[in-house]
Each structure stands twice: as structure tokens, then as C-alpha cells.
Amino acid sequence: MDKIKIFFQSIVSKEESKKKMENIIVLIIILALTLISFNYIFSDKKPVEKNKKEAESAGIKDLIDKKDDEKDDFLEKRLASILNEINGINEASVMIAYAQGEKTLPVYETKENESSSKEEGVEKTEKTIEKNLAYKEVGSEKSPIIEATVSSKVEGVIVVASGIDTDEKKAKIAQAVASVTNIPVYKVQVFSK
């Protein structure tokens with residue numbers, strides 16, 4: 001403790017004490033700024049603007065993939081369930097092949113800026129358009145606003161079931177599946193287990 005007192009007294013007593021105090025204050029400010037920058041760099045919170053485009057596209061892609069899988073499974077299970085209700089058909093399994101997945105069309109906020117300039121007597125107009133994904137916030141969750149959902153296009157269906165022993169039953173099942181999925185009958189294949 002005495003050493004600290006002696007140190008401060010020597011600083012105050014000398015002619016160069018002002019310069020030393022200024023140096024100490026500058027050193028303290030530099031340390032504070034360094035600590036603040038380390039805290040910012042190594043914190044868990046990431047800036048909102050960083051990788052904004054990647055986050056937006058990943059969020060939409062996850063949303064689309066999730067909806068596709070759920071819809072595909074639901075339609076296949078529902079169709080298999082209905083086919084099992086037909087007299088003589090048991091243990092029906094259905095697989096639906098899609099040409100493309102369901103597309104979700106998000107809403108974009110568009111900002112248009114127009115600037116004009118005159119050079120050498122010729123007026124030039126420059127138009128810039130900026131598109132940003134629109135979000136809705138529910139509580140603390142942000143999700144993209146969806147304008148429309150374009151359904152998947154069915155390319156073909158395979159049905160496998162026991163109890164299909166005649167061509168007439170195969171044709172009836174193929175006709176039923178074709179009418180539900182809105183595809184031609186030749187794109188439906190029916191097999192016996």
C-alpha cells in the first residue's frame with residue numbers, strides 16, 4: 001500500500017506529472033475500447049445485418065421443405081386409407097412422384113429510387129429497385145410473409161395392395177387414383193402384393 005502512495009506522490013510531485021496523467025488516461029481509454037471491441041467480436045449475439053440474405057433464403061427453404069414433406073406424407077396416407085376401404089383391397093401402400101416441390105411465394109418489400117441528371121444536354125434517368133423479404137413478427141419469432149403457395153405437380157403414382165387379382169380391379173383403382181391426383185390413368189401403376 002505504501003508503494004502505491006509513493007508512486008502517486010512521485011507522479012504528482014514531478015514537473016512531468018501532467019504528461020504522465022495524460023498517458024495514464026489515454027492508456028485507460030485504449031483498454032476500455034479494447035475490452036468493448038473484444039466483447040462485441042466474441043459475443044454470441046450476431047449482428048442482424050450479417051448474412052441477412054443467407055438467413056432469409058435458408059428460412060424460406062426450410063419452410064418449403066417442411067411443408068412439402070408433410071403434404072406428401074399426408075396425401076399418400078390418405079389415399080392408401082381410402083383404397084383400403086374398397087371391398088377386397090387390403091394393405092394398400094401408395095407412393096406419389098412429384099415433378100417439382102410445392103413452391104411458397106414470399107412477399108417482398110420493394111423500394112424504387114429514381115434519379116435524373118443532365119450531361120451534355122442529355123437528361124439521364126437512373127432507376128434502382130431494392131427488394132427485401134417482408135417478415136411478420138409473432139412474439140419473438142420472425143417468419144416470412146407468404147403471398148401464395150403453388151401446389152406440387154404430380155407426375156405418377158404407384159399403388160401396391162393385396163386383393164388385386166383381376167385387371168378390372170386394377171383399372172378401377174387406377175381410375176380412382178387418377179381422378180384424385182388429376183393425372184392421366186396411364187401414369188398410375190397398380191401392383192398386387
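The charged end of K131 lies over the ring of Y108, 5.3 Å from the ring centre. K142 sits over the face of Y135 in turn, with 4.7 Å to the ring centre. Here, a charge counts as over a ring if NZ of Lys or CZ of Arg is within 6 Å of the ring centre and within 35 degrees of the ring normal.

This is a predicted model, in which local features need pLDDT of at least 70 and side-chain atom pairs count only at pLDDT 80 or more, while totals for chains, interfaces and linings use all residues. Residues are numbered from 1 along each chain as its sequence is written, and side-chain values use heavy atoms, leaving out hydrogens and water.

On to the salt bridges (a side-chain nitrogen of Lys or Arg within 4 Å of a carboxyl oxygen of Asp or Glu). The count comes to 6, including these:

| Pair | N to O distance |
|---|---|
| K193 and E91 | 3.9 Å |
| K169 and D165 | 3.8 Å |
| K172 and E168 | 3.4 Å |

The bridge between K193 and E91 links distant parts of the chain, 102 residues apart: K193 is in the segment after β9 (188-192), and E91 is in strand β1 (residues 90-100). Both K193 and E91 are exposed, meaning over 50% relative accessible area, whereas buried is under 20% and partly exposed lies in between (1.4 Å probe, protein chains only).

K169 is partly exposed at 28%, while its partner D165 is exposed at 62%.

K172 and E168 are 4 residues apart in helix α4 (residues 167-181), so about one helical turn separates them. K172 is exposed at 54% relative accessibility, and E168 is exposed at 54%. Elsewhere, salt bridges with shared partners join K153, E155 and K187 into one network.

Key: Helices (H or I, at least four residues) and strands (E, at least two) are DSSP runs, numbered from the N terminus.
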